[in-house]
Amino acid sequence: MYINLSFFSYEPLEYCHNFTIKFTMRIRLIVLIFLCFGVKVFAQNTSSIDFVIRNLGVNVDGFFKSFTVTTTFDDANNLQDFTGEIKANSIETGIESRDEHLLKEDYFYVSKYPLITMDVVELYKKAENRYSAKVNLRIKGKAKQITIPLKVEITDSQRKITSEFEINRRDFNVGGGSFVMSKTVKIKVVHIETFQ
């Protein structure tokens, strides 16, 4: 960015040029600080459920806007239990017509199965902040038991639980037998809760 103020000023051109450089550098510094602050806030304070699936050889990214995660910790801050519930009609992939199609019977059939749920069957602590959970995942009325990893990070003000895992969409009769769409869905869940 370069702003030549010499046209508007009776000061020597060199003075105006120096002012322009200082002004430009200040603007860049302000933008940089704003971006860094914005990324920090997003990373630390936003819960999310995101997914990726390949369709026609291209990765399709999406997320769910409306969901709840409930956790139970003991006095030593060890994770004891958790449940999750997603409103299936809150799915977004960036294309409205596709999102509407995903609500229909051959995909999530939200008029009959409005919720996606997950509850714990067994929970194991593997390391200081690592867990393995055997869970019941229910989508479109079909339940399947899967094992997922969890990472728990605890600070003075919040708990952050992260899990990344894969599911087979065909196990839940989502998307039928399509061969152009991958059967594997990669899912990332981030749950953040602040202390009272």
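Let's start with the sheet: ten strands form an open sheet, in the order β3-β4-β6-β7-β8-β9-β10-β1-β2-β5, and the pairing is antiparallel. At the edges you'll find β3, residues 67-73, and β5, residues 91-92; each has a single partner strand, so one side of each has no neighbour in the sheet. Please keep in mind that this is a predicted model.

Now look at where β1 sits in that order, beside β10. Those two strands pair antiparallel over five bridges, and I49 stands opposite V189 of β10.

How does the chain run overall? Along the sequence the pattern is α-β-β-β-β-β-α-β-β-β-β-β, which gives two helices and ten strands. Among contacts with a separation of 6 or more, 49% join residues 24 or more positions apart.

On to the inside. In soluble globular proteins, nonpolar side chains tend to be buried together. Here, the largest nonpolar core holds 36 residues, and F82, F108, I148 and I167 have the most contacts inside it. Elements giving two or more residues to this core include β1, β4, β8 and β10, while β7 brings the largest share, with five residues.

Which residues does I148 touch, leaving aside its neighbours within four places in sequence? They are F82, M118, Y131, S132, A133, V135, S163 and F165. F82, by the way, is also on that list of core residues with the most contacts.

Finally, the surface. Of the 196 residues in the chain, 30% are buried. The chain exposes about 13200 Å², and carbon and sulfur atoms supply 56% of that area. Thanks, everyone!

Definitions and conventions:
Residues are numbered from 1 along each chain as its sequence is written. This is a predicted model: local features need pLDDT of at least 70, side-chain atom pairs count only at pLDDT 80 or more; totals for chains, interfaces and linings use all residues. Side-chain values use heavy atoms; hydrogens and water are left out. Helices (H or I, at least four residues) and strands (E, at least two) are DSSP runs, numbered from the N terminus. Buried means under 20% relative accessible area, exposed over 50%, partly exposed in between (1.4 Å probe, protein chains only). Contact means heavy atoms within 4.5 Å. Accessible areas come from the Shrake-Rupley method with a 1.4 Å probe; for residues, only the protein chains shown count as cover. A nonpolar core is a set of buried Ala, Val, Leu, Ile, Met, Phe, Trp, Tyr and Cys residues joined through side-chain atoms within 4.5 Å. Two strands pair if DSSP finds at least two bridges between them.
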